[in-house]
Amino acid sequence: MKVQGRMFVWLAVFILVMAIVYGVWSKEPAGTTALFLAFGLSIMIGFYLAFTARRVDVGAQDNKDADVADDAGELGFFSPHSWQPLSLAVGGALAFLGVIFGWWLLFFSAPMVMIGLFGWVFEYYRGENANQ
C-alpha cells in the first residue's frame, strides 16, 4: 500500500500545480475549483493509503524482489449475492430525480436509501447468512 499511497500523493502534487497554473492563466473559477477539489480528493486517498500501510503487513507490491506468485491467495471477502445495492441505486436515483422534479420525491427515496443501507450493512448478521 505504500506504493499506492505515494502514487496518489504525487498525483495530488501534480494536480495542485496544474490547478495553480490553470487558475492563473485562465481566470476561470469553475475549472480551477474542480482541480482544487481533485487535489483534495487525491491527497485524502493518498493519506489514507499511506496511513493504512503502516498498520498492515507489507504486501508483495511493496517488495522490489517479489514475484507475481507472492501476491497470490485470498484478498478479502466479497459478497457472492446481494440485492441491497439495487435498493440503494433505486433510492439514490429517485433522490437525484427529486432535485430535478421536486423535493417531495425525497420522501419516497429517503426510506429506500435507508432500508438499502441498513440491509447492506447488516446483511451477514441475520438470516441464513449469519456467521456469528
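**View A. A negative surface patch formed by Asp65, Asp67, Asp70 and Asp71**. In this predicted model, local features need pLDDT of at least 70 and side-chain atom pairs count only at pLDDT 80 or more, while totals for chains, interfaces and linings use all residues. Residues are numbered from 1 along each chain as its sequence is written, and side-chain values use heavy atoms, with hydrogens and water left out. Patches are made of residues with over 30% relative accessible area and no salt bridge, like charges being joined within 9 Å and nonpolar side chains (Val, Leu, Ile, Met, Phe, Trp, Tyr) within 5 Å. A salt bridge is a side-chain nitrogen of Lys or Arg within 4 Å of a carboxyl oxygen of Asp or Glu. Asp71, one of the patch residues, belongs to the loop between helix 2 (29-55) and helix 3 (84-101). Helices are DSSP runs (H or I) of at least four residues, numbered from the N terminus. Asp71 has a relative accessible area of 43% and is therefore partly exposed; buried means under 20%, exposed over 50%, and partly exposed in between (1.4 Å probe, protein chains only).

**View B. Val68 in the loop between helix 2 and helix 3**. Val68 is classed as exposed because its relative accessibility is 79%. Between Val68 and Ile43 there are 25 residues in sequence and 29 Å in space, C-alpha to C-alpha.

**View C. Gly5 in helix 1 (residues 2-26)**. With a relative accessibility of 3%, Gly5 is buried. Gly5 lies 9.0 Å from Ile43, C-alpha to C-alpha, although the two are 38 residues apart in sequence.

**View D. Phe47 and Val9, 38 residues apart in sequence**. Phe47 is part of helix 2. Its relative accessibility of 55% is the reason why Phe47 counts as exposed. In space, the C-alpha atoms of Phe47 and Val9 are 7.4 Å apart.

**View E. Thr52 and the backbone oxygen of Tyr48**. Thr52 is located in helix 2 and is buried, since its relative accessible area is 7%. The side chain of Thr52 comes to 2.7 Å from the backbone oxygen of Tyr48.

**View F. Lys27 in the loop between helix 1 and helix 2**. Lys27 has a phi near 55°, which is a positive value in a residue other than glycine. Lys27 is exposed, with 68% relative accessible area.

Technical notes:
Accessible areas come from the Shrake-Rupley method with a 1.4 Å probe; for residues, only the protein chains shown count as cover. Lys and Arg count as positive and Asp and Glu as negative; His and the chain ends are not counted. The place of a charge is taken as NZ of Lys, CZ of Arg, CG of Asp or CD of Glu. Helices (H or I, at least four residues) and strands (E, at least two) are DSSP runs, numbered from the N terminus. A polar contact is a pair of N or O atoms within 3.5 Å; within protein, one must be able to donate a hydrogen and the other to accept it, and residues adjacent in sequence count only if both atoms are side-chain atoms.
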